[in-house]
Every structure is written in structure tokens, then in C-alpha cells.
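Here is a short report for a reader meeting this structure for the first time. Keep the model in view while reading.

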Amino acid sequence: MSERLSAVKGMNDLLPPESARWEWVEATLRSLMQRYGYQNVRTPIVEPTALFVRGLGEVTDIVEKEMYSFEDRLNGDQLTLRPEGTAGVVRAMNEHSFLREGGRRLFYIGPMFRHERPQKGRYRQFHQAGVEVLGFPGPDVDAEIILLLRALWRELGLVEGRDVTLEINSLGQPEERRAHRQALIAHLEAHADLLDEDARRRLHSNPLRVLDTKNPAMQPVVDAAPRLIDFLGEASLAHFDGVKAVLDAAGLAYRINPRLVRGMDYYNLTVFEWVTDKLGAQGTVCGGGRYDGLIEQLGGKPSPGVGWGLGLERLLLLLEAAQAPVPSAAPSAYAVVPSAASLPRVMPVLEALRAAGVAVVMHAGNTEGQGSMKSQFKRADASGARFALIFGDDELARGEVAVKPLRDGQGAQSQAAQTVRPLADVAAWAHELRNA
């Protein structure tokens, strides 16, 4: 026998019924995006490596340790599997001059890739949804994309303040960050003996990331570090106040977290995270912020931008932990067909039901002498369908189908009343099946 092949470590298959939960989340996202006026954008999974080096910064963990990069054997191009979505979207906007007619509200859903130690909710191929709002400089869109997330949590059955909590901060502008950076480096150097190896490595290359440490021994040093918000000028503070004013008016509670930072070089002004205490150490569910310098940094005309990224694996884990109700993906009906010879009469009825919006599964593989009524009812019950449609010879001879409820707590052995419906008027009873 040939050797059985397995998936690459950290890159997982999604199989039914779990895939139905993903489809529900994605459908909810797409519906919400349409109501907010966001349009879908799809970029390649493979991009030039230089895009992420230039966009994310050479000293970020993603570029230094996590990217799947390789040389194209056909032409020698340096390529990378995308580790995040923003840089690719901005590259596409620049390449196609897509902002020349004004700002854009965009969203994406798709796989990303990072080479890190696989663990629950954190895989080498993971899936991310995100929004990118390009060409609008004001705090109004910052608040809008945060409120969009609140609407998503509510539609998925999550409760803000209980299941997820909003944290916000401002990173100011580059010159303000430079002044803070100098003060931060001086503070960390004064406590160099308390820094761990990772912090020492980042001390001069990316000191803001030191503030994001999870090392408890370093917390006193971090807590005493200069706060970026104390270095913000009048314009930056006004922008932050504008975001807060909209959130306050919308009744959305938040916590200002002065230690909330970003590892990518392109962020400025507003940054935010939705966090939870239901997933252990993996507390961040969604993060985002403003990146007004990225479009120019990647070769386009200067234009502001703001967005967020949401890990779908982590979101699904949160839905499970919060016991949020997930709609059933079961069909409305299961067609029991005792005789294979009756299929030419049965199939047009099933097609008419489906055209009327009824989800119906037909028992398959039925040949003469196989697929007994008992086994078909067991499959009907296992499918989760609310009804069994029984196309027996006697029913068909009368031009009818028997409709048997399956979900009264008794499953396939249900004693609930069985009724009959006319085959000639499917539309008259399809509504009953669809909405039961």
C-alpha cells in the first residue's frame, strides 16, 4: 500500500459539521459588511517578500521569524505567503490607482500563514477577516469600524463587557513616538539588569514591543515606563477625543490602555483591541488601528487608512467558550425513498422543494433490495432534519407524500402525527417545511 499522507503540521482540515459553523460566521460577516457599505477585496495568497519587509518592518517578529518565504525556482523572485492582510490590500490599491476617485471601505476574508509553534487557536495556516478603510482622515471612521465589531459580536450572540471588552489607546504621530521612544529607551537602559533576553534584543530596534511583554518579572519595569499618551500633541489628542466622543455617544464602554501598542511600523494615532478572559493567555480576539503612513510607504500617494484584523479560529473558540447559540446546519427535510424505481417521480418533487427554498436531503445509494425503511429513518434522524418525507409506493399511487415530524424528542421513533401532502401542489406546503 502507498504511504498515507497527512496535512502539513499546523495547517488543518475543516470538515463537517464544524465547517458549517465557519460558514455561519462568514455569512454573518458578509451580511454585516454589506449593511455598513463595505466592499469585498481579494488579494493573492503569495506576494513579493519586499512588500512585507517594507510594510511590517524588518525587526518585527513576523518578518524576522514567522514568514513562509521562498525563491521562485522558475525566475528567482523572492516570494512570501501572506502573514497578514493589510499590506496586500494597500499594494492592490496602489497598483490599480483605486483611491483616485475617493475613499474606500473594504473587507476581506481568507487564509494567512505564519511559521510558529502550533497551539489551540494559533496555527500556521489561520484564517482572518479584516476591514481596511482608506482615504478618510477623521476619527469618525475609527469609531465606525469599532462599532461595526460591536454589531458583529451581538449578531453572533456575544455580549460586550461580559464576553469581550474594548481597549483603546493612541500612538500619536511619528515625531511624538520618537520623543517617547528616546525616553523609553533611557528608562529601559536604566533597568537593563531586569530585562529578559527578548527585551534586550528589542531595546533599540523596537522598544515599544517591550511594553507588550507577557513576562511577569518585567511588569514593574513596564508599569513605571514613560507613557506614550503623555507625549501626544494637541492634534493627536483631539483625534483621540473625537473617537471617544462617538463611542460614548453610542453607549460603548471601553478602557484606555496606555500600554496598548502595535508591532508593525505603520500604525499611528488610534489603536484598539477587543479582548476576552475566556481563552486563557490568548486574550486578544481582534486588533486594529490607524496607519496613515503605510500607503506612501508602499509606493502610493499619501493617503490615510485605518482597519482591523480578526482571527476566525480564535473567534470560534470564543463562541464555544461563551456558549453562544449557533444556528443548526441541518436540512429541513430528509427524503425516504423505499423503491429505486420511484426516483423519476420523486426527484422533480425534491427539485421543486429546493427551488422553493427548502433544504432537503435525499437518501442516496438506494438500489433494489437495499436501503430498508428502518435504515433510512435512522439516517433521516442522524441528519438532524425536522421532517422525513416518505415517498412510499402507496403514497405515490395516491399522488401524495407522507410528512413525519422527527424532532419531538423521540427522533426516528417519533410518535408525532404523520400527515400527507399533495405532490401536485408543492408550493402550498413548502412554506411549512421551510419555516418549521
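## Burial and overall form

Buried residues make up 50% of the 436 residues in the protein chain. The model is a predicted one. The accessible surface of the chain comes to about 21400 Å². Carbon and sulfur atoms hold 51% of that surface.

The protein chain has 15 helices and 16 strands. Its radius of gyration is 28 Å, well over the 22 Å that the globule rule gives for 436 residues, so the chain is more spread out than a compact globule. Along the principal axes, the C-alpha atoms fill a box of roughly 90 × 60 × 50 Å.

## The eight-stranded sheet

Eight strands form an open sheet. Their order is β1-β5-β6-β11-β10-β9-β7-β8, and the pairing is mixed. Which strands stand at the edges? They are β1 (39-40) and β8 (255-256). Each has a single partner strand, so one side of each is left without a neighbour in the sheet.

## Strand β9 and its partners

Strand β9 covers residues 268-275. How many of its eight residues are buried? The count is eight of eight, so to speak a mostly covered strand.

On one side, β9 pairs with β7 (residues 165-170). The two run in the antiparallel sense, over six bridges. N169 has V271 as its bridge partner in β9. S170 has T270 as its bridge partner there. β9 is also joined to β10, again by six bridges, and these two strands run antiparallel. F272 stands opposite G288 in β10.

## Helices across the sheet

Helix α1 (residues 18-36) lies across β1, β5 (104-113), β6 (125-134) and β11 (305-311). It runs at about 160° to β5.

Helix α5 (residues 139-156) lies across β5, β6, β7, β9, β10 (284-290) and β11. Its angle to β11 is about 20°.

T86 is found in helix α4, which covers residues 86-95. Is T86 buried or exposed? T86 is buried, because its relative accessible area is 7%, and the cut-off for buried is under 20%. Leaving out residues up to four places away in sequence, T86 touches Y108, E132, Y266, Y291 and L294.

## Salt bridges from α5 to the sheet

The salt bridges come to 19. Two of them involve helix α5.

R105 is partly exposed, with a relative accessible area of 24%. E144 is buried, at 19%.

Next come R290 and D142, whose side chains meet in a salt bridge at 2.6 Å, N to O. R290 lies in strand β10 and D142 in helix α5, so the pair ties together parts that are 148 residues apart in sequence. Both ends are covered: R290 is buried, with a relative accessible area of 0%, and D142 is buried, with 1%.

## Salt bridges elsewhere

E432 and R421 form a salt bridge too, and their closest N and O atoms are 2.7 Å apart. E432 lies in helix α15 (residues 426-435) and R421 in strand β16 (residues 419-422), so this pair ties together parts that are 11 residues apart in sequence. E432 is partly exposed, at 35% relative accessible area. R421 counts as buried, at 19% relative accessibility.

Which residues are linked in a network of salt bridges? E47, R91 and E95 are.

Terms used
Residues numbered from 1 in each chain as written. Predicted model: local features only at pLDDT ≥ 70, side-chain atom pairs only at ≥ 80, totals over all residues. Heavy atoms only, no water. Pairing = 2+ DSSP bridges. Helix = DSSP H or I, 4+ residues; strand = E, 2+ residues; numbered from the N terminus. Contact = heavy atoms within 4.5 Å. Axes fitted to C-alpha atoms, helices over the stretch in contact; angles between N-to-C directions. Rg over C-alpha atoms; globule rule 2.2 N^0.38 Å. Buried < 20%, exposed > 50% of the residue type's maximum accessible area, 1.4 Å probe, protein only. Areas by Shrake-Rupley, 256 points an atom, 1.4 Å probe, with all protein chains shown as cover. Salt bridge = Lys/Arg side-chain N within 4 Å of Asp/Glu carboxyl O.
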